[in-house]
Amino acid sequence: MSPVFKRERGYTFKIFSNEEVRMHIHVMKDDCEAKVWLEPIVELADNDGFAKHEINDIIKIVKTYADYFRDQYQRHIGKRIDD
């Protein structure tokens with residue numbers, strides 16, 4: 001199950017369970033998808049189809065909600081062993 005954390009400006013922000021240890025969020029819109037790291041800083045991990053201006057918009061949104069996304073990520077995935 002991949003919970004949707006937020007929908008804003010046509011983007012859908014979600015995670016995929018047990019995919020990877022490092023905190024991140026996936027962003028989808030139409031046929032495009034990006035992966036954004038939430039730690040140690042918010043930064044683009046991967047982009048499949050978004051234009052540069054869309055990535056800039058996505059990064060701004062993720063930075064705005066980064067604490068919320070981190071909290072929801074931990075609630076969904078659980079605390080890691082090294083925390």
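A residue counts as buried when its relative accessible area is under 20%. By that criterion, 5 of the 6 residues of strand 4 (residues 32-37) are buried in this predicted model, so the strand is largely enclosed by the rest of the structure.

**Strand 4 and its partners**
- Strand 4 pairs with strand 3 (residues 24-29) in the antiparallel sense over 6 bridges, and Val 27 stands opposite Ala 34 of strand 4.
- The hairpin from strand 4 to strand 5 passes through 5 residues.

- The open sheet consists of 5 strands in the order 1-2-3-4-5, with antiparallel pairing.
- Strand 1 (4-8) and strand 5 are the edge strands; each has a single partner strand, so one side of each lacks a neighbour in the sheet.
- From one strand to the next, the twist averages 20 degrees.
- Strand 1 pairs with strand 2 (residues 11-14) in the antiparallel sense through 4 bridges, and Lys 6 has Phe 13 in strand 2 as its bridge partner.

**Helices on the sheet**
- Helix 1 (residues 52-64) packs on the sheet and touches strand 1, strand 2, strand 3, strand 4 and strand 5; its direction makes about 50 degrees with that of strand 2.
- Helix 2 (residues 66-77) lies across strand 1, strand 2 and strand 3, and runs at about 155 degrees to strand 1.

Notes
Residues numbered from 1 in each chain as written. Predicted model: local features only at pLDDT ≥ 70, side-chain atom pairs only at ≥ 80, totals over all residues. Heavy atoms only, no water. Buried < 20%, exposed > 50% of the residue type's maximum accessible area, 1.4 Å probe, protein only. Helix = DSSP H or I, 4+ residues; strand = E, 2+ residues; numbered from the N terminus. Pairing = 2+ DSSP bridges. Axes fitted to C-alpha atoms, helices over the stretch in contact; angles between N-to-C directions. Contact = heavy atoms within 4.5 Å.
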